[in-house]
Amino acid sequence: MIRLAGQTLEELCRAYGGTLRGDGATRELARVAPIETAGEGDLAPFLSARFTKRAEAAAHRGAAILVATDLAPRLTRGATAWVHDYAAWALAHVLDRCLTDDAPPVLGAGTTRGENVVLERRVVIGKRVTIGHGSVVGYPGFGWAFGPDGTVRAMPQLGGVVIEDDVHVGPLCTIDAGTLGPTILRRGAKLDAHCHVGHNCDIGEGAIVAAQSGFAGSVKIGRGVLVGGRWASPIT
């Protein structure tokens, strides 16, 4: 949960610019939440046209929507919205205000780690998980936001990582923290060496991923999927 500590949409708009729509600007916001799950008391970012239906559903559930200017016409008239030319940039600043649970990693029974494994905060690991030498779990995902006058700033990645039971992570893998919700490796997934899992990915139950595979942010891999690794043919 990404807690917003009682800010209102009106206050955020005043601090970071943009315009307001709808009649909910003075309501306190308790959380920043993904568009898929956001409801009453939540601020949800709507930054891509492919999430139009989810944004409509979130607005119907009572969420306030932070929306890019070019996407604002896709929202139902009357939806509570914060419209911004640099919506991702505004989101990054909002996340700087958020309160997060900075508890240390949680490790389930029977989990083993190789040498030089790094587990960042907000990482939850299930039972009988193996993590190979040199792997890094929960490092901030690679996200950047463009703002006014060409400014570029990092997007805070506060969602952490969840690794379910019986997962194998090979050596020298990197699993990035999610932005608002966790990056997930589901039960029984197996990663070979030198794999990268970007922020907000969801690797399905029992999926098997060969070496040197990389997944960009928000990729979803289904149950039992086999992913071939990068390969090079021998020189002849």
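A residue counts as buried here when its relative accessible area is under 20%. The model itself is predicted.

Take helix H3 with that cut-off in mind. In this helix, Ala-87, Trp-89, Ala-90, Leu-91, Ala-92, His-93, Val-94 and Leu-95 are buried. That makes 8 of the 10 residues of H3, so the helix is largely enclosed by the rest of the structure.

Now the whole chain. There are 3 helices and 25 strands in the protein chain. Its radius of gyration is 19 Å, close to the 18 Å that the globule rule gives for 236 residues, so the chain is as compact as a globular protein of that length. The C-alpha trace spans about 60 × 45 × 35 Å along its principal axes. Of the 236 residues, 47% are buried.

Next, the strands. How do strands of a sheet pair? They do so through backbone hydrogen bonds, in either a parallel or an antiparallel sense.

Arg-21 has Ala-81 as its bridge partner in S6. S6 also pairs with S5, residues 64-68, in the parallel sense and over 4 bridges. There, Val-67 has Val-83 as its bridge partner.

On to the cysteines. A disulfide is a covalent bond between the sulfur atoms of two cysteines. How many disulfides does the structure hold? The count is 0. Cys-98 is in no disulfide, and the nearest cysteine sulfur, that of Cys-13, is 17 Å away. The cut-off for a disulfide is 2.5 Å between the sulfur atoms. Cys-98 is buried, with a relative accessible area of 11%. Cys-201 is in no disulfide either; its nearest cysteine sulfur belongs to Cys-195, 12 Å away. Cys-201 is buried too, at a relative accessible area of 1%.

Last, the largest pocket. It holds about 840 Å³ of space. Its lining comes from 28 residues, and those nearest the centre are Phe-51, Thr-179, His-199, Asn-200 and Ser-218. Which elements give two or more residues to this lining? Strand S4, residues 42-46, and helix H3, residues 87-96, do. By class, the lining has 14 nonpolar, 9 polar and 5 charged residues.

That brings us back to H3. The helix is largely enclosed by the rest of the structure, and it also gives two or more residues to the lining of the largest pocket.

Note on methods. Residues are numbered from 1 along each chain as its sequence is written. This is a predicted model: local features need pLDDT of at least 70, side-chain atom pairs count only at pLDDT 80 or more; totals for chains, interfaces and linings use all residues. Side-chain values use heavy atoms; hydrogens and water are left out. On a 1 Å grid over the protein atoms alone, a cavity is a set of points where a 1.4 Å probe fits but cannot get out, and a pocket is an open set with protein on both sides within 12 Å along at least five of seven lines; lining residues have an atom within 4 Å of a point. Grid points are joined across faces, edges and corners, and a volume is the space filled by probe spheres set on the points. Ala, Val, Leu, Ile, Met, Phe, Trp, Tyr, Cys and Pro count as nonpolar, Asp, Glu, Lys and Arg as charged, and the others, Gly among them, as polar. Buried means under 20% relative accessible area, exposed over 50%, partly exposed in between (1.4 Å probe, protein chains only). The radius of gyration is taken over C-alpha atoms; the globule rule is 2.2 Å times the number of residues to the power 0.38. Two strands pair if DSSP finds at least two bridges between them.
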